[in-house]
Amino acid sequence: MGLQIGVLAAEHIAAGAVEDHAIVGAIRRFPDQSDKDYLAEMPAEEIAQRIVEAVQIARAGQSVDCLGVGFPGIIGEGIVEESPNLSQLKGQNFGLLLTALLEQAGISAPVHLLNDADAMAAGIAAARGQLDRVVRVWFLGSGIGYGRYPQAGMIGEGGHTIVTLDPKEKFCQCGGVGHLEGIMGYRAMRRRFLDMEPEEVFAEAKAGDARCVAFVELWHRALAAATATSIHYEGPGKFYMSGPDSRFVQTEMLQLYLRDMVKMSSLQGSAIEVIPTSDEIAIVGAAVSAAQAVCGRA
Ligand SMILES: [Zn+2]
């Protein structure tokens, strides 16, 4: 039996070999240092080539059973149907492209593409021994991802949930008005505060700057609103906050707003937990999902 390989291709590429729901060996990252929009300008073929290189290193000469790759966007049957933050991939049969390049590199294994936030949700479920439960996760980065385990055949673009009816709220990368990502996404924050980086906005809010305080409140209210919407559709439960900008989440403020928004007693009691590092979890989740989807294994 060979290895399962998990890959995250969101703001950078990270790959690792997975056995029994855990990473074995080192994780390979491109680039090594953090660069938020590393993949944004890269042609699809080059992204695929970089993934193959990362897989080659991660597998360390061993045979590969299956490969799971998490991407931002709407993924269906190997095709990237929509990806506002990696728009060059739109309409690409990336699964086919990747399979062909892997075969050229001597790796013959089925490839499973999935949404990166769904990979995160699967990884958290695996890490917590909760593969029999529903896990929901917000991935906070350049864009905002909404992940759910188990994958339910839904579109999964919860990051574009409408959280305001203000027509001036149009900073979302997808072009939609009033979206969660238009408030919380790192890119959207840069478009809103042309004179400050998001890190400075959160720091200035701590120092008491009124404009920044108001924005940090809006940021948390938006996240609470989208979470409340998920609760009103699917019921209460555990919500994980992940991704690079989960560092900005103040759990108490979020819970306070959530209590204002969810009033029916049978829908109350959701828990919030911040999981700051994400590559490892997403890699395991991508591999576990691939094993379930294309190898028929749990
Ligand atoms: Zn949007």
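This is a predicted model: local features need pLDDT of at least 70, side-chain atom pairs count only at pLDDT 80 or more; totals for chains, interfaces and linings use all residues.
Q: Okay, and what's phi doing at E77?

A: Phi is near 50° there, a positive value in a residue other than glycine. E77 sits in the loop between β5 (74-76) and β6 (79-82). Helices (H or I, at least four residues) and strands (E, at least two) are DSSP runs, numbered from the N terminus.

Q: What about phi at D20?

A: D20 also has a positive phi, near 50°, and is not a glycine. Its place is the loop between β2 (13-19) and β3, and D20 is exposed at 77% relative accessible area.

Q: Switching to peptide bonds: what's the geometry between F30 and P31?

A: That one is cis, with omega about -15°. P31 is in the loop between β3 (22-30) and α1 (44-59).

Q: And from Y149 to P150?

A: Cis again, omega near -5°. P150 falls in the loop between β9 (144-149) and α4 (180-184).

Q: On to the metal. Which protein atoms hold the zinc ion?

A: The donors are H160 (ND1), C172 (SG), C174 (SG) and H179 (ND1), 1.9 to 2.3 Å from the zinc ion. A donor is an N, O or S atom within 2.8 Å of the metal (3.2 Å for Na, K and Ca), and water is not among the atoms, so sites may look incomplete.

Q: What's the spacing in sequence?

A: H-x11-C-x1-C-x4-H.

Q: And what geometry does the site have?

A: Tetrahedral, with angles of 101 to 120° among the 4 donor atoms. For four donors, that label needs all angles between 85 and 135 degrees. The ideal for four tetrahedral donors is 109.5 degrees.

Q: Last one: what does H112 touch?

A: Leaving aside neighbours within four places in sequence, H112 contacts (heavy atoms within 4.5 Å) L67, G68, V69, Q151, S289, A290, A293 and V294. H112 lies in strand β7 (residues 111-115) and is buried at 15% relative accessible area.

Definitions and conventions
Residues are numbered from 1 along each chain as its sequence is written. Side-chain values use heavy atoms; hydrogens and water are left out. Buried means under 20% relative accessible area, exposed over 50%, partly exposed in between (1.4 Å probe, protein chains only). Four donors count as tetrahedral if all angles lie between 85 and 135 degrees; four count as square planar and six as octahedral if opposite donors are over 155 degrees apart and all others between 65 and 115; anything else is irregular.
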